[in-house]
Amino acid sequence: MAFPQTRMRRLRRTAGLRSLVREERLDPSSLVLPLFVAEGISAPEPVGSMPGVARHPVAGAVQEAREAAELGIGGVILFGVPAARDAEGSGAWAPDGIVQQALGEIAAAGTGLVLIADTCLCEYTDHGHCGPIVDGDVDNDATLELLQKQVVAHAKAGADMVAPSGMMDGMVAAIREALDDEGFTGVPIMSYAAKYASGFYGPFREAAESTPKFGDRRAYQMDPANADEAIREVELDVDEGADIVMVKPAGPYLDIIHRVKTTFGLPTAAYQVSGEFAMIEAAAAKGWIDRERVIRESLTAIKRAGADIIISYFTKEFADKL
Ligand code: PBG
C-alpha cells in the first residue's frame with residue numbers, strides 16, 4: 001500500500017497547529033491609513049464609491065489620526081482636496097494649503113504616527129493632471145520644480161515623510177535635493193516607484209476630485225503589461241535616493257511586489273488602492289463574499305508577496321477588529 005508518509009494535512013488539523021506554523025502575520029504597525037482632507041467643509045463628506053471613507057475637515061483628520069494612533073497603526077498618508085485649483089496646482093505648496101494645515105495640526109497632536117504627505121499635483125491642478133501642461137502633455141521638468149516646492153512645504157508643515165506619486169522622471173532626485181537644501185536631510189522619501197496606469201484608481205479620483213479633465217495618465221504612469229520596466233523604475237528611484245519603494249496597485253501586482261522585494265531588499269510598500277477596496281465592499285454588500293475574511297486574505301497576500309508596509313483603506317477596521 002502506497003499511503004503517504006508525508007501528510008501536509010497533519011499541521012492543518014487544529015487552529016493551534018495552524019497558528020504555530022503560520023508564516024505571515026499582519027501587524028497594525030505596518031499598516032498606513034489614507035486620509036482625505038478637504039478645504040471649506042465642516043463635517044465629513046462620504047465618498048459614494050468608497051463606503052465608510054470620507055473627506056474630512058482638518059479637525060476631523062486630527063480625530064482620525066488620534067484614533068489610528070490608539071489602534072497601533074503605523075502611519076497616515078494625507079491627500080488634499082483644495083477649495084480652488086489652478087493650472088500649476090499652487091495649493092500644493094501654499095503655506096496654508098489644506099495638507100499643510102492638516103500636517104501642522106496632526107503633528108501638534110503628538111500622536112507618534114508617521115505623518116506621510118502624498119506629493120503630487122493632480123489634486124491641485126484645474127485640469128487634474130499631475131503637472132503643468134505644455135503642448136497637451138505634462139511637462140516633466142517644470143513639474144519637478146513644483147514638486148520641490150511642495151515637499152519643502154510639507155516638511156515645514158510637519159511631514160515625517162514625503163511620498164511622490166506623480167511618476168515624473170527624476171522626481172526622487174529633485175525632491176531629495178530640495179529637502180536637503182532646506183535642511184530636511186532627515187526626512188525620508190517613500191517613492192511610488194512602480195505605479196501603474198490603473199483602472200483601479202477610479203474611486204480615489206472621486207474622493208480627491210482629481211479625475212483628469214482630458215486624456216488619461218498613460219503618458220506617465222506604467223503600462224500594466226510591463227514587469228521588467230518596473231524593476232528599472234525602482235532601480236532609478238533607489239539610485240536617486242528613495243528610502244522606501246512602493247508598488248501600486250497591490251493585489252493585481254503581487255508579482256511586481258515580490259520581484260521588487262527580492263531584487264532590492266529595501267523597505268517595500270504596497271498600496272491596496274481604492275478600486276481594490278471598492279470591489280471587496282461591493283461584493284460583500286451583495287452578500288457574495290465573506291467581507292472580513294476577504295479583507296484579511298487580501299492584506300495577507302500582499303504581505304506574503306513581500307510588502308513590509310501596506311497602505312489600505314481597511315487599516316482602521318483591520319487594527320480594530322481583525
Ligand atoms: C495621486 C494619487 C492617486 C492615487 C494615489 N495618489 C491617483 C492617481 O494616480 O490617479 C490612487 C490611490 C487609490 O486609488 O486609492 N497621483
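This is a predicted model: local features need pLDDT of at least 70, side-chain atom pairs count only at pLDDT 80 or more; totals for chains, interfaces and linings use all residues.
**Leucine 121**

Leaving out residues up to four places away in sequence, leucine 121 touches Glu88, Gly89, Ala92, Trp93, His129, Cys130, Gly131, Pro132, Thr143, Leu146, Leu147 and Gln150. Leucine 121 sits in the loop between β5 (114–119) and β6 (133–134). Is leucine 121 buried or exposed? Its relative accessible area is 0%, so I noted leucine 121 as buried. I also checked one partner by distance. Tryptophan 93 is 28 residues away from leucine 121 in sequence, and their C-alpha atoms are 9.5 Å apart.

**Glycine 186**

Next I turned to another loop. Glycine 186 lies between α5 (171–181) and β9 (190–195). Its relative accessibility is 69%, so glycine 186 counts as exposed.

**Salt bridges**

I searched the whole structure and got 16 salt bridges. I went through three of them.

Arginine 55 and glutamate 45 meet through their side chains at 3.0 Å, N to O. Arginine 55 is in strand β3 (residues 50–56) and glutamate 45 in strand β2 (residues 45–47), so this bridge ties together parts ten residues apart in sequence. Arginine 55 is buried because its relative accessibility is 10%. Glutamate 45, at 29%, is partly exposed.

Glutamate 182 and lysine 156 form a salt bridge at 3.9 Å, N to O. Glutamate 182 belongs to the loop between α5 and β9, while lysine 156 belongs to helix α4 (residues 140–157), so parts 26 residues apart in sequence are tied together. Glutamate 182 is partly exposed, at 43% relative accessible area. Lysine 156 is exposed, at 59%.

Which residue does arginine 259 bridge to? The partner is aspartate 228, with the closest N and O atoms 2.9 Å apart. Here the pair ties helix α8 (residues 254–264), which holds arginine 259, to helix α7 (residues 228–240), which holds aspartate 228; the two residues are 31 apart in sequence. Arginine 259 is partly exposed at 33%. Aspartate 228 is exposed at 58%. I also noted a network: salt bridges with shared partners join Glu281, Arg291, Glu292, Glu317 and Lys321.

**Aromatic rings**

How many aromatic pairs does the structure hold? I found nine. I took the pair of phenylalanine 36 and tyrosine 313. Their ring centres are 6.3 Å apart and their planes stand at 5°, so the pair is stacked. This pair links distant parts of the chain, 277 residues apart: phenylalanine 36 is in strand β1 (residues 31–38), and tyrosine 313 is in the loop between β12 (309–312) and α11 (315–321). Phenylalanine 36 and tyrosine 313 are both buried. Both also belong to a cluster linked by ring pairs, made up of Phe36, Phe79, Tyr192, Phe204, Tyr271, Phe277, Tyr313 and Phe314.

Then I looked for charges over rings. The charged end of lysine 248 sits over the ring of tyrosine 271, 5.0 Å from the ring centre. Tyrosine 271 is one of the cluster members. Lysine 195 lies over the face of tyrosine 201, at 5.5 Å from the ring centre.

**Surface patch**

Last, I checked for nonpolar surface. Leu11, Leu20 and Val21 form a nonpolar patch, with about 310 Å² of accessible area together. Leucine 11 is in the segment before α1 (15–20). Its relative accessibility is 44%, so leucine 11 counts as partly exposed.

Terms used
Residues are numbered from 1 along each chain as its sequence is written. Side-chain values use heavy atoms; hydrogens and water are left out. Patches are made of residues with over 30% relative accessible area and no salt bridge: like charges are joined within 9 Å, nonpolar side chains (Val, Leu, Ile, Met, Phe, Trp, Tyr) within 5 Å. Accessible areas come from the Shrake-Rupley method with a 1.4 Å probe; for residues, only the protein chains shown count as cover. A salt bridge is a side-chain nitrogen of Lys or Arg within 4 Å of a carboxyl oxygen of Asp or Glu. Helices (H or I, at least four residues) and strands (E, at least two) are DSSP runs, numbered from the N terminus. Buried means under 20% relative accessible area, exposed over 50%, partly exposed in between (1.4 Å probe, protein chains only). Rings of Phe, Tyr and Trp (its six-membered ring) pair if their centres lie within 6.5 Å; planes under 30 degrees apart count as stacked, over 60 as edge-to-face and the rest as tilted. A charge sits over a ring if NZ of Lys or CZ of Arg is within 6 Å of the ring centre and within 35 degrees of the ring normal. Contact means heavy atoms within 4.5 Å.
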